[in-house]
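Hello,

I am passing this structure on to you. Please look it over first; my notes on it follow below.

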Amino acid sequence: MPSAMESSNNSSLMPSRILIVYDATRDRSNREFMRTIHNIRMQGAIVHSGDTITVLGVLHRVLHPMGYQMGVAPENFLGATHRRAMEEEVSKKVDLYVGMLQYSAEECEGDGVDIEVKITAGTPIRKVVVQEVATANATWVILDRHLRKELRFYLKNIHCKVALILDNFSLQILRPYYIDKEMEYIEDKQFYSLSKTVPLPPVSDNENNEQSVSIVSYHGSMTSLEISDLATSISLSSFKSNANEYSLSSQDESGSNPKQDESGNFAKGEIKYYVSPPMMLKHRRKPSRQRSSDVPVLCIACGLKTQVDSMRYSYSELQLATNDFSSDNLLGEGGFGHVYKGKFKDGQLIAAKVRKEASTQGFTEFHSEVFVLSVARHKNIVMLLGYCCKENLNILVYEYICNKSLEWHLFDNTEHVLEWHRRHAIAIGTAKGLRFLHEECRGSPIIHRDTRPSNILLTHDFVPMLGDFGLAKWKTDENEIQTRILGTLGYLAPEYAENGIVSVRTDVYSFGIILIQLISGRKVITCTREGQQPSLRQWALPLIETLALHELVDPRLGESYSTHELYHMARTAYLCVQTNPEMRPSMAEVLRLLEGENDHFHQLTEQFIPHYSK
Ligand SMILES: Nc1ncnc2c1ncn2[C@@H]1O[C@H](COP(=O)(O)OP(=O)(O)OP(=O)(O)O)[C@@H](O)[C@H]1O
């Protein structure tokens, strides 16, 4: 029966420690660790964000310098050579485990969970385990299958939740609650331990990815020289900063207290333990990454997929992916930087945008932009996968979109005319992306500020993906923002072009211009020998007002368009490009207009008074 302790412990939001306990004298494999930790994560109820998993290996036998195995009973370690042999063996084991746990550490990092390795030399195992569980104040103890012969002892002497790793590395939950009873007294023993946090692969040259080497504990009081020697061989600074020192009185198996004598041998007396409390290991946290093996396909035609992954990339990772930003990989150069195609080791295709103006953009501003964009996840929005900061170089990493831009399909593709049904679907998809940014996404409204055909990328299914958020703004209050005028002529709403006033309605205006382009296949400004033609808007508005839509529509389409859809698109465009921003519909209204919802037409038609009916 669950006890009161269960609920009190479950309701706690404090990070907890999960101990996975192994007999470290046996050989272990990467696969074993990987599968076990994966199963623990999948179990759901055991490990949560902020927790630490400690992989505890209990070493009860080590190799004697003479080549034979010896038990790690204190009496075997009275001489310095013996003791060094044991320390070396423990240290080797720690490094071995750390190496084998790298993959799991990366996986767990996505859940906000750290992995730490602790090897404790001591015997008998069961007493070491019980003592370690108590010291760690663990919430769960997961026992390796080789420890099952002592299950009854563990269940009796450990008060936290207990599970067992089965032969296929799945978990058997033995006790999903705490037991609230007095433990039988088990005397403290003296063990030698060494711990290390499993480091992640380096993520950035400048950013901290501190490796925590945290604990050295020893039986017997060590001289300060010995402690620092031991710590220096690993990391003196982290030893100092992470270790809390506790003095305990302890006894050896015979009930006496060993203490080191002048010759360095152990004698009875005070024992110092250096124990790293759980909270002190919580100093290394990167933005969380999500992983899913079940990611949706982005383009059915070419099977393109995007694995949502790390938010921060190292420069070397991007160098590798883009063949050192080679010119062969250059997708193009926009106003804000060069864009390179790249491929990560796992096959994910990327577009890495190296921003020219990085040096003038503050780190905080860049970061806030990254965070704004990281919440803008929608099927019609190019996904920001991450970023990289190196000195004053800022790089944004987007998913690669496989079938060029709307600009290319509408104006540059001389072989194929973009068909009407595709144009209509692109209008709807883009409107959905903008509606999401303006109204639906977390932290909305986000104002794109540079919506135009070259920033609408397409998949092979002609699904439009709104990209290039270089100018996007997160509108934090209800007021319009006044800002530098950036963006592209021909798409800028008058209030923005003239006074720098940005609101969601400036995006609506740009979208209206795109609608006119989709209908007409014309560029925003056309220069002829005779000079500059009237702007697209100036040309189109009278045609829409007079309902001379056959003159508006792209002649390359011939008769292959839907009059009904053309009418809706033209009407919507007309409303979107109104000079007065108040008169423009919201993106939600735009969608209803495009999809021909009648109610909205009745309300908005009043504003749409064709010239001939005046
Ligand atoms: N995520 C992406 N996937 C595939 N190609 C991309 C991606 N992002 C940009 N590109 C391509 O890289 C090139 C440069 O893009 P970028 O957005 O920098 O330039 P632009 O839109 O032409 O100009 P500006 O930066 O002034 O808006 C374009 O050809 C664009 O289609």
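Why does lysine 353 count as buried? Its relative accessibility is 11%, and buried means under 20%, so lysine 353 falls in that class. Please keep in mind that this is a predicted model.

Lysine 353 carries an annotation: the UniProt record, an unreviewed entry, puts a "binding site" feature at this residue. The residue is part of strand E17, which covers residues 349-355. Apart from neighbours within four places in sequence, lysine 353 has contacts with His338, Val339, Asn394, Ile395, Leu396, Tyr398 and Asp468.

Next, the sheet around that strand. E17 belongs to an open sheet of five strands, ordered E15-E16-E17-E19-E18 and paired antiparallel. Strand E15 (330-334) and strand E18 (384-390) are at the edges, each pairing on one side only. On average, neighbouring strands in this sheet are turned by 20° against each other, direction ignored. Strand E16 (residues 337-343) and E17 run antiparallel and are joined by seven bridges. Glycine 337, for one, has arginine 355 in E17 as its bridge partner.

The last item is a pair of helices. Helix H14 (residues 504-520) and helix H17 (residues 563-576) have axes that come within 8 Å and cross at roughly 145°. The crossing of H14 and H17 is left-handed. On the H14 side, the contact includes Val508, Tyr509, Phe511 and Leu515; on the H17 side, Leu566, Met569 and Ala570 are among the residues involved. Of the residues in this contact, twelve are nonpolar, two are polar and none is charged.

Regards

Key
Residues numbered from 1 in each chain as written. Predicted model: local features only at pLDDT ≥ 70, side-chain atom pairs only at ≥ 80, totals over all residues. Heavy atoms only, no water. UniProt positions renumbered as here; feature names shortened; annotations may be inferred. Helix = DSSP H or I, 4+ residues; strand = E, 2+ residues; numbered from the N terminus. Buried < 20%, exposed > 50% of the residue type's maximum accessible area, 1.4 Å probe, protein only. Contact = heavy atoms within 4.5 Å. Pairing = 2+ DSSP bridges. Axes fitted to C-alpha atoms, helices over the stretch in contact; angles between N-to-C directions. Left-handed = near helix turned anticlockwise from the far one by under 90°. Nonpolar A, V, L, I, M, F, W, Y, C, P; charged D, E, K, R; others polar.
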